[in-house]
Amino acid sequence: NYKYLEAGRRMPLLLVSGFPSSGKTTRTLQIKTYLEKEKNKNVVVVSENNLLGEGKNEVFRDSRREKDIRGALKADVIRLLNKEDVVILDAANYIKGYRHGHGTRQDRKQSSMLEKCLTNL
């Protein structure tokens, strides 16, 4: 649902959320392509895949390492946010407080949108 884009509103932050292997990265790339080609937007993707590497199962077993990864993702997102570009965060984002408390919307008066990727279990 791209009604915010169609209405001409700014949407600088898109959180893509879902279980592992639910299609988050695929959906992120589809949205990125659409925004760049159809809406002429500059899109930056921040992906937990880049920080996790091959050892992602080990990271999720260690809550301290997982918290460090979430902190690094949040720092990257905040650093990249501006009024013109769209930042897409491709990560599990399964913690409600993390999804809603990026320190971006209220502090920076920026809009955001959540795209949930669901899968049949």
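Which residues make up the largest nonpolar core?

**View 1. The largest nonpolar core of the predicted model.** This core has 11 residues, namely Leu 13, Leu 15, Val 46, Leu 52, Ile 69, Leu 73, Val 77, Leu 81, Val 87, Leu 89 and Ala 91; a nonpolar core is a set of buried Ala, Val, Leu, Ile, Met, Phe, Trp, Tyr and Cys residues joined through side-chain atoms within 4.5 Å, where buried means under 20% relative accessible area, exposed over 50% and partly exposed in between (1.4 Å probe, protein chains only). Strand S1 (13–18), helix H5 (63–80) and strand S3 (86–90) are the elements that give two or more residues to this core, and H5 gives the most, with three. Helices (H or I, at least four residues) and strands (E, at least two) are DSSP runs, numbered from the N terminus.

The model is predicted, so that local features need pLDDT of at least 70 and side-chain atom pairs count only at pLDDT 80 or more, whereas totals for chains, interfaces and linings use all residues. Residues are numbered from 1 along each chain as its sequence is written, and side-chain values use heavy atoms, with hydrogens and water left out.

View 2. Arg 79 counts as exposed at 58% relative accessibility, while Asp 76 is partly exposed at 25%.
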